[in-house]
Amino acid sequence: MSKVLAEWHAQPSLEQARALRQQLATVLEQQQIPGKDDFLLAVAELVVNLCRYPEPMPQQIRLRLLEDPHYWSLELQDDGGSFRNFSQHLNNSDPLEAAESGMGLRLLAAQFDDIAYVPACYRDDANNLMVLRRRREPQSDQIPTVLLVDDDPTYRAIVAAYQGDRFRLIEAESVRQAYSLLLSDKPELVICDISMPEQDGTALFEQLSHIPQVAATAFVYLSGCDDPQLIARALSRPIDDYLTKPVSRDKLLQTVDRVLQRKHHLQERLQRELDQKVTLGLHPDLPEQINGYQCALRCQIPQAGGGDLVMLHQHRILFADLMGHGVEAKGYAFALAGYLRGLCSVLSGHEAELAGLLSQLSKGFDDDPVLSETLATVMAADLGDAGQITLANAGHPKPLLIEQGKVTQLDVAGPMPGMGVDAYSECRITLPEGGRLLLYSDGFWDAAEALPETLLEALSDSAGLPLQSAADHLMMCRNRLSSAEDDCTLILLQR
């Protein structure tokens, strides 16, 4: 079980963010916990976001630093409105000032092994919970997390002694407590007693089966229950196994290993099938000629799935980058693609400006139950006649104008969709003869970082190459400068 190293209660404010950072720094040094700056950055980011975004604003927060045999954890509870969005840009090197400017979860996700957010609607105490975890020891194979639910502390101690270091065991004494741990720790397996005082184990299975994030959790009953009706109700659910108390150590560990292996095998099979369909279905693509412009698109997807989306509607390019990797991000990309197609269809008869299109999209991220669960940046480009291009930006990296011996970053920017802002501006340029416009995702180069000289030189050099060769040249240069962990898409346009 987790041990609380320190706990603080406060009202959320910028002053309290600074005070909490200072107090946390002292404890981190005393406990000799590595990565102090990451924990301090997390406190600044999370508390400052609580001061800005929730409606209603929280009146009280509780910050806790915890440890267990496998993780150090930072927990933040608040009694305000639940988050649906965080900004994702880093605008300042100072941790607190960066948080105040809206820097968000993308950076924290890179620094911690796990981030979980449990909205108040899923918790009995009506508080939102944010949890960030860091492994105490780097491991090539991640130890599975198993949730044990039993109201008998003696039997929980027995199972804990059985497991040794085979898996990370978290414990709950009731269905209510287990429900909260399911959402914050997302175990791979639940071992649950059936007969318990407040609610029986069947209630927990019903609860998790209705929540997509944990619906696929493996479930095993371990019980000494002798009520035939309760047992029959429990076995009517599609659980993975049923064990009776008392159970031997070998029997328990064999069951855990078998259930987890079967779960992973089924997941891998489904994943492979889904990967092929999803990846092929949304692989970014554009024709080589669009309304008098030549176009070159290059895309690298290091994992199946991925979150880059490119759509063409008449002579408008819509280019989105959804936060995350793999099939989960691609699922959100599917949702966004459908929303954009419908939006373009509805607005096409009114010749809506790009700024209006992004405004409507931003409202969709506020209201749509699927899109509100993710973060995205979007660039819209209207390819007009005679080199007239109109651009509108919702948090996407600023485009680049490439000419022989010259690279200019265009000053077109705007907030990400779903940040409560629905007013966007447009930038109109005339693409000169021989000039090129580069649109790219964060995977090509992070919007928060300045373009390095090597990349600027490659961009300038590419102006003398044929368009398709220039796109290949830029992608090869990018691969030399950065790892290929993120999806990367670039679009080159010329008259």
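This is a predicted model: local features need pLDDT of at least 70, side-chain atom pairs count only at pLDDT 80 or more; totals for chains, interfaces and linings use all residues.
## Overall make-up

A residue is called buried here when its relative accessible area is under 20%.

Among the contacts in the chain with a separation of 6 or more, 66% are between residues 24 or more positions apart.

In soluble globular proteins, nonpolar side chains tend to be buried together. In this chain the largest nonpolar core has 30 residues, and L24, F39, L65 and L74 are those with the most contacts inside it. At least two residues of this core come from each of β1 (3–10), α1 (14–31), α2 (36–52), β2 (61–67), β3 (71–78) and β5 (128–135), while α2 gives the most, with nine residues.

Another core, of 29 residues, lies apart from the largest one, and among its members are L204, L208, F219 and A234.

## A mostly covered helix

Helix α6, which runs over residues 175–185, is mostly covered, with nine of its 11 residues buried. The buried residues of α6 are V175, A178, Y179, S180, L181, L182, L183, S184 and D185. Their cover includes the strands β4, β5, β6 (145–149), β7 (168–172) and β8 (189–192), together with helix α7 (201–209). Just after α6, K186 takes a positive phi of about 45 degrees.

When residues up to four places away in sequence are not counted, T255 touches D241 and L243. The C-alpha atoms of T255 and V220 are separated by 8.8 Å, although these two residues are 35 residues apart along the chain.

## An open sheet and its helices

Six strands form an open sheet with antiparallel pairing, in the order β11-β12-β21-β20-β17-β18. Its edge strands are β11 (289–290) and β18 (406–409), each of which pairs on one side only. Strand β17, made of residues 400–403, pairs with β18 in the antiparallel sense over four bridges, and L400 stands opposite Q409 in β18.

Two helices pack on this sheet. Helix α12, residues 453–462, touches β17, β18 and β20 (436–440), and its direction makes about 115 degrees with that of β18. Helix α13, residues 467–481, touches β12 (293–300), β20 and β21 (488–494), and its direction makes about 30 degrees with that of β12.

Most residues other than glycine have a negative phi, and most peptide bonds are trans. Against that background, the peptide bond from E55 to P56 is cis, with omega near 0 degrees, and P56 is found in the loop between α2 and β2. A cis peptide bond also joins K245 and P246, where omega is about -5 degrees; the place of P246 is in the loop between β10 (241–244) and α9 (249–281).

Q32, a residue other than glycine, has a phi near 55 degrees and sits in the loop between α1 and α2. With a relative accessible area of 68%, Q32 is exposed, because that class covers values over 50%. A126 is not a glycine either, yet has a positive phi of about 60 degrees, and A126 lies in the loop between β4 (114–118) and β5. At 46% relative accessibility, A126 counts as partly exposed.

Terms used
Residues are numbered from 1 along each chain as its sequence is written. Side-chain values use heavy atoms; hydrogens and water are left out. A nonpolar core is a set of buried Ala, Val, Leu, Ile, Met, Phe, Trp, Tyr and Cys residues joined through side-chain atoms within 4.5 Å. Buried means under 20% relative accessible area, exposed over 50%, partly exposed in between (1.4 Å probe, protein chains only). Contact means heavy atoms within 4.5 Å. Two strands pair if DSSP finds at least two bridges between them. Axes are lines fitted to C-alpha atoms, for helices over the stretch in contact, and angles run from 0 to 180 degrees between N-to-C directions.
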